[in-house]
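I opened this notebook to record what I looked up in one structure.

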Amino acid sequence: MATVKKNFPVLEMSCASCAMSVESMVRSIPGVEAASVNFASNLLNVEYDPVQVTPGRLQEAVRSIGYDLIIDEDHAAEEQQQAQQSHYRALRRDAVGAWIFALPLMVAGMAFMHDGWAAWLMLGLCVPVLWFGRIFFVNAWKQAHHRTANMDTLVALSTSIAFLFSLFNTLFPQYWLARGLEPHVYYEAAGMIVAFVLLGKLLEERAKGNTSSAIRKLMGLQPRTARVVLQDGTEQDVPVARLQAGERISVRPGEKIPVDGTVVSGGSFVDESMITGEPLPVEKEPGAAVLAGTVNQRGAFVLEASKVGSDTLLAQIIRMVQEAQGSKAPVQRIADRIAAVFVPTVIALAVLTFILWLVFGGGGAFTYGLLAMVSVLVIACPCALGLATPTALMVGIGKGAEHQILIKDAAALERMCKVDTVVLDKTGTLTEGRPEVTGWLWTGCSDSGQEVGNVGGAGSAVRDDDRRSPGTERPRNRWRDLFYSAELRSEHPLGEAVVRYLEGQGATACPLSGFESLTGKGIRFREPEGIPAAGENPVSGPDTIPDGRSVSDTVSGVESEEGKTYWIGSRNLLAAYGAAMDDALSRQITSYEQEGRSTVFFGSGTRLLAVAVISDRIKPTTPAALSELRALGLEICMLTGDGRKTAASIAAELGIGRYEAEVLPVDKDQFIRRLQAEGRTVAMVGDGINDSQALSRADVSIAMGRGTDIAMEVAMVTLMNSDLLLVPRAYKLSRDTVRAIRQNLFWAFVYNVVGIPIAAGVLYPVWGILLNPMLASAAMAFSSVSVVLNSLRLRWK
């Protein structure tokens with residue numbers, strides 16, 4: 001049975017230990033293949049067998065340990081957002097209320113600590129603070145009930161110890177006075193711990209909200225309703241969730257398109273920049289495909305839905321980004337193992353601290369030991385460890401999605417920055433992948449008049465010159481229509497270029513007979529009887545070649561049946577028919593081929609009628625992209641199935657020193673193997689379909705394209721448009737994100753490794769320094785905030 005992958009929002013988590021508890025519980029359910037919880041986004045990503053497990057079963061298991069799961073898939077995002085907003089408002093209310101009482105409590109504790117009446121004043125101020133922080137005690141009780149512990153447990157324990165000790169000293173001061181000790185109270189410590197932690201949580205929630213801004217933008221592209229065209233022609237507003245494939249939907253100017261589909265009537269220009277990154281609106285006429293989330297411009301049209309709901313490309317992108325943000329980088333495994341045992345370990349250390357103070361503390365050991373124990377409980381922060389990786393991943397992957405870079409998971413992001421060699425497929429990656437006719441020559445009649453317009457440049461245009469005599473117009477038009485009709489039946493990619501060009505020249509389809517494909521050479525066909533043959537009424541005279549030189553026909557008109565047989569193909573087919581070119585024309589054609597262009601010959605019998613010069617233009621951004629990759633210290637290699645001359649020409653033009661030509665898919669795979677055997681970390685950039693074998697072999701696979709389903713499934717990184725500049729941008733994004741993760745983890749580890757011993761009093765024997773619990777709570781509150789803020793820096797890089 002096939003498993004399914006889904007994301008479910010998790011509610012009521014307060015720290016990384018909570019996320020680990022939910023993750024462990026879900027993993028323990030029979031039928032669950034994999035599960036991971038992202039504390040930063042509060043999402044559970046789970047893969048399970050739908051026969052054994054249902055979303056209701058998952059929710060029941062999560063609720064059993066004190067948390068909750070949203071399983072309504074149609075409204076999960078809305079419910080999660082409402083829950084988060086409600087939680088943030090409650091947190092803000094509690095934080096403000098706590099600080100209103102905490103500030104005078106701190107002043108009273110500092111200014112009147114030796115006055116007897118001050119203890120009662122501080123008690124009166126501390127109780128409201130603890131009430132505003134009641135969420136910590138409620139959650140700690142839930143955790144204790146389920147025999148688990150989290151950060152709330154630490155806060156509840158530390159504040160309860162400080163408050164109860166102070167309350168005892170307030171009610172029974174004689175107990176200490178009788179023993180010659182002054183009854184100190186620490187209400188300000190308990191109150192300020194709650195106030196600082198609430199403030200830290202408030203800032204943390206706000207910062208965490210900013211890390212998910214990218215996914216919210218993507219979700220915001222989806223309209224909530226659509227205008228369905230009924231059978232009687234009337235229109236009705238329907239929620240997008242209720243749309244079905246095959247329904248017709250009306251789209252008016254300025255509206256977002258609700259589903260993927262095909263235009264059936266009307267027309268407009270559609271802004272697709274949010275999906276493909278293309279800055280100019282794309283014209284949409286009947287038969288054109290449109291995508292959900294794109295914006296209609298001025299026109300109106302009706303589309304027929306082909307993909308709705310979770311099947312649309314926008315939904316796939318959102319799902320892919322969510323899964324990537326919820327995935328765990330290899331570097332996070334250490335943090336997860338520590339978070340799983342963090343709270344019990346800290347409680348044990350706090351108890352050990354108290355015992356050591358009682359044994360070695362001397363005078364006032366009980367009070368100092370109590371303060372040190374409270375400080376250890378407060379200063380320890382599992383949140384910083386839990387947020388270090390996911391917040392950076394959320395910002396990095398989200399930023400990539402905003403720039404049309406879809407990263408499959410955290411492992412791909414982490415691996416990308418280790419790449420030192422980039423292998424590029426030529427067609428569709430370095431070049432447009434769409435061959436165009438850049439030169440045309442009629443050789444079959446005199447006064448040709450058709451020129452190759454400035455074909456010396458790859459980006460040149462072909463122009464039609466109307467300076468032709470009436471005697472040559474009729475046969476040339478007939479040959480053009482025959483050439484066009486034959487290429488319509490051809491499956492060769494160069495044939496598509498010829499068809500597009502001849503359509504622009506006004507060619508029309510005509511009947512053909514005896515169509516035959518000549519493997520490796522070209523095609524052959526016959527002109528039906530009753531149509532004048534191409535060889536009739538030949539006109540002698542000079543032909544025009546690209547540089548303006550005049551040559552004579554090498555073959556005279558072809559008689560009878562021979563004149564009705566035509567062929568189109570390569571130089572090999574030209575030679576097979578014995579069609580000749582003079583030396584000047586041959587040199588010109590050879591020059592084109594050395595420049596990496598392809599030539600298609602058209603003739604009848606032994607007579608050459610026309611030559612088409614075709615090239616696959618280099619993308620305008622390719623040179624700049626390669627320069628950026630070289631500046632980053634990456635070696636560039638090129639692979640192509642084209643001939644050696646074409647490959648050498650492209651490589652020389654782009655400054656690529658290492659390339660291989662005439663390669664098959666297995667050859668590409670072997671080339672990457674050789675690079676890896678040299679100790680290189682290889683990124684393969686291809687179209688995600690023809691290069692699937694090489695993509696799967698590479699350390700990092702990058703699919704160029706416009707978001708095709710196949711490319712998104714095959715590659716670790718998918719570029720939503722064909723701009724090669726996205727490759728260096730993806731590399732730099734990976735490098736910056738991994739650097740932020742390492743900085744966050746370093747800070748989180750160092751903070752806890754250094755902070756806990758200081759809180760325990762390790763500096764007291766040497767310098768007499770004992771950390772105040774108030775300062776410990778402030779340090780804990782801002783440690784997690786600093787980690788999130790460091791991750792948010794990625795948004796402005």
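The entries below follow the order of my reading.

I noted that the model is predicted, that local features need pLDDT of at least 70, that side-chain atom pairs count only at pLDDT 80 or more, and that totals for chains, interfaces and linings use all residues. Residues are numbered from 1 along each chain as its sequence is written, and side-chain values use heavy atoms, with hydrogens and water left out.

I looked up "transmembrane region" in UniProt, where an unreviewed entry lists several spans, including 153-172 and 366-389; such annotations may be inferred rather than shown by experiment. Residues 153-172 are 95% helix and 0% strand, with end C-alpha atoms 28 Å apart. For residues 366-389 I found 92% helix, 0% strand and 40 Å between the end C-alpha atoms. Helices (H or I, at least four residues) and strands (E, at least two) are DSSP runs, numbered from the N terminus.

I then turned to the rings and found 19 aromatic pairs. Rings of Phe, Tyr and Trp (its six-membered ring) pair if their centres lie within 6.5 Å; planes under 30 degrees apart count as stacked, over 60 as edge-to-face and the rest as tilted. Phe165 and Tyr186 are stacked, at 6.2 Å centre to centre and 20 degrees between the planes. Phe165 belongs to helix H6 (residues 151-171) and Tyr186 to the loop between helix H7 (174-177) and helix H8 (187-211), so the pair ties together parts 21 residues apart in sequence. I recorded both Phe165 and Tyr186 as buried, meaning under 20% relative accessible area (1.4 Å probe, protein chains only), with exposed over 50% and partly exposed in between.
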